[in-house]
Amino acid sequence: MPRHVRNGEQCRPSREGVLHGRPPGGHNAAMSTELLYLRDAYQREVDAKVVEVEEGRVALDRTVFYPTGGGQPHDLGVLRFADAQPVVVTEVTKAGPVVWHTIDGAAPDVGAPVAGSIDWERRHQLMRTHTALHVLGGIIWHEWRRPATGGNMKPLEARMDFEFDPLPDGFKEEVERRTNEALAADHPIRVEFLPRDTAVEDEDLIRTKVNLIPESVSEIRVVDIVGLDKQADGGTHVASTAEVGAIRVIKTESKGKGNKRLRIQVVDGPT
Ligand SMILES: [Zn+2]
C-alpha cells in the first residue's frame, strides 16, 4: 500500500492550489479573487479593484500575488491606490476563494482601483526552485521508484523528503548529476486544466495521488514537465527546465525510519 502523503506544507495537490478561485455557482463573484498566477506565472503587474478591507489587509478581485500554499511561500511587492504612495505587501494568504494582501500602510475604500506589482526577482527564484523540486521528485521516482513525502522551499533553497531506508550508496552525487542532466536538457513545462474525470485516469497523475483531491473540484490544474514529472499542482513554475539552472544537493539527513531528507540549493546553470 502506498503511504498517504503527509498533510501540510508539501508540494502536493491541495484543495487551494488546483481550484480556479471561483466558488461553485459563481453567484458571489464579487467576493472571490481571480488567480492570474495560475494561468501566467510571468505576469508581474495587475490592475484590480478592492473588494474587501480588513484591519491591515485588502482583498482584490484579481491578483498576480501568489499566496503561501503547496510548499511555496507568498510573493512580496507593492500596491498603489489611486495617487497615493505605494504600500508594501508583507504577506499574502488565501482564505477560500479570496486572496488577502497584508499591507504596510493605509487601506483604501472598497471599490477603489489598485495597481499591484510583485517583487519579480523573488518570484522568479521561487519559480526556479519549485520547478527544481518537481524535477528532483521525477528523477527519484523514475530511477529509484520512491515517492516524495513532503517538501518546502525558500528562494533558491529547498528540502524534500523521500521514503528511503537506507539511502543507496553514492545517492547524493548521483541524484545531483541526474537532476542537472535533466535540467540542462531543456524540457518544456506546460500548465493544463483537466476535467477531474480525465485527470483521475492519467497514470502519472495517479502516481501523485490525484484521487485525494476532493470530488467537488471539477477542474484540476496540472503542471507537466514534459517527460519528467506530471502532477496536480497550484504553484508557479518556469517555462523550461533550462531556466532553473542547476542544483546542488547540500546534505542528506535521516528523519526517522523510511524517511530521508534532501536539502538543495538552486544555482545558475552552465552557460
Ligand atoms: Zn509543486
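Two strands are taken to pair if DSSP finds at least two bridges between them; helices (H or I, at least four residues) and strands (E, at least two) are DSSP runs, numbered from the N terminus. The structure is a predicted model, in which local features need pLDDT of at least 70, side-chain atom pairs count only at pLDDT 80 or more, and totals for chains, interfaces and linings use all residues. Residues are numbered from 1 along each chain as its sequence is written, and side-chain values use heavy atoms, with hydrogens and water left out.

The mean pLDDT (the predictor's confidence in each residue, from 0 to 100) of the chain is 89. Confidence is lowest in helix 1 (residues 15–18), with a mean of 44, and highest in strand 4 (residues 62–63), at 98. Where pLDDT is low, the predicted coordinates should not be read in detail.

Strand 14 (residues 246–254) and strand 15 (residues 260–267) run antiparallel and are joined by eight bridges; one of the pairings sets Val 249 against Ile 264. Five residues separate these strands in a hairpin, and Gly 256 in the turn has a positive phi of about 105°. Glu 253 of strand 14 and Arg 263 of strand 15 are ten residues apart, and they form a salt bridge with the closest N and O atoms 2.5 Å apart.

A salt bridge here is a side-chain nitrogen of Lys or Arg within 4 Å of a carboxyl oxygen of Asp or Glu, and the structure holds 14. In helix 3 (residues 171–184), Glu 174 lies three residues from Arg 177 and four from Arg 178. Glu 174 forms salt bridges with Arg 177 (4.0 Å, N to O) and with Arg 178 (2.8 Å, N to O).
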